[in-house]
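I have one chain to go through today. I'm starting with the overall layout and then zooming in on a few residues.

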Amino acid sequence: MQYDLDQVGDIVLSDPSIDNEDEYYEEYLQLDEDLPSPVPPELVQALPTSKFTELNKLNFSEENKYCTICQSNYEVGEQYLMLMCLHRFHQPCVSEWFKLKDTCPICKEQVAI
Ligand SMILES: [Zn+2]
Ligand SMILES: [Zn+2]
């Protein structure tokens, strides 16, 4: 009896907690839009992108073979974006990052506007 109640409680509680986190996240992003230094999406779009190739996989140094934001390796054929400091990231990952910061996640160099 008690065991059954616990199980039901776990299932019911898990969904609302996810919803709340989403709401907090959205509010956080909205608040951050008032800060003076986020990077405008137009600028992120204007940054050079390239496709990760087999050759890149062989030639790139280890630190350039993965995206520091999501901590995963680039797959061949994936688009990455390069900043002025020559650091590379997934385009979607860095777009999210630039909603909060205007500096490179690795070297903290400010993105030129
Ligand atoms: Zn990434
Ligand atoms: Zn950098």
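This is a predicted model: local features need pLDDT of at least 70, side-chain atom pairs count only at pLDDT 80 or more; totals for chains, interfaces and linings use all residues.

Here are my notes, entry by entry.

**Entry 1**
I looked up the confidence next: the chain averages a pLDDT of 80, and 66% of the residues score at least 70. Then I checked which elements sit at the two ends of the scale. Helix H1 (residues 2-32) has the lowest mean pLDDT among the elements, 56, while strand E3 (residues 72-73) has the highest, 96.

**Entry 1: the overall layout.**
I counted four helices and five strands. Going along the sequence, I read the pattern as α-α-β-α-β-β-β-β-α. The chain has 113 residues, and 11% of them are buried. I also looked at contacts between residues at least 6 apart in sequence: 51% of these join residues at least 24 apart.

**Entry 2: the sheet.**
Which strands make up the open sheet, and in what order? I found three, in the order E1-E4-E5, with antiparallel pairing. Strand E1 (49-51) and strand E5 (88-90) are the edge strands, since each pairs on one side only. From one strand to the next, the twist averages 40 degrees.

**Entry 3: strand by strand.**
I took E1 and E4 (residues 79-82) first, and they are joined by three bridges. One of the pairs I noted is methionine 82 with arginine 88 in E5. E4 and E5 form a hairpin, and five residues lie between them. In that turn I spotted leucine 86, which has a positive phi of about 75 degrees.

Is leucine 81 buried or exposed? Leucine 81 counts as buried, because it has 20 C-beta neighbours inside 10 Å. Methionine 82 has 15 other C-beta atoms within 10 Å, so it is partly exposed.

I then listed who they touch, skipping neighbours up to four places away in sequence. Leucine 81 touches Leu47, Thr49, Arg88, Phe89, Gln91 and Val94. Methionine 82 is in contact with Leu47, Pro48, Ser50 and Arg88.

I checked two C-alpha distances as well. Leucine 81 and proline 92 are 11 residues apart in sequence and 9.0 Å apart in space. Methionine 82 and valine 94, 12 residues apart along the chain, are separated by 9.7 Å.

**Entry 4: the core.**
Which residues make up the largest nonpolar core? I got nine: Val39, Phe52, Cys67, Tyr74, Leu81, Phe89, Val94, Trp97 and Phe98. Leucine 81 from my last entry is in that set, and its contacts include Phe89 and Val94, which are core members too.

I also looked up tyrosine 74, another member of the core. Leaving out residues up to four places away in sequence, tyrosine 74 touches Phe52, Lys65, Tyr66, Cys67 and Tyr80. Phe52 and Cys67 on that list belong to the core as well.

Methods. Residues are numbered from 1 along each chain as its sequence is written. Chains are lettered from A and ligands numbered from 1 in the order in which they are written. Helices (H or I, at least four residues) and strands (E, at least two) are DSSP runs, numbered from the N terminus. A residue is buried if 20 or more other C-beta atoms lie within 10 Å of its own, exposed if 12 or fewer, and partly exposed in between; C-beta atoms are placed from the backbone. Two residues are in contact if their C-beta atoms, placed from the backbone, lie within 7 Å. Two strands pair if DSSP finds at least two bridges between them. Axes are lines fitted to C-alpha atoms, for helices over the stretch in contact, and angles run from 0 to 180 degrees between N-to-C directions. A nonpolar core is a set of buried Ala, Val, Leu, Ile, Met, Phe, Trp, Tyr and Cys residues joined through C-beta atoms within 7 Å. pLDDT is the predictor's confidence in each residue, from 0 to 100.
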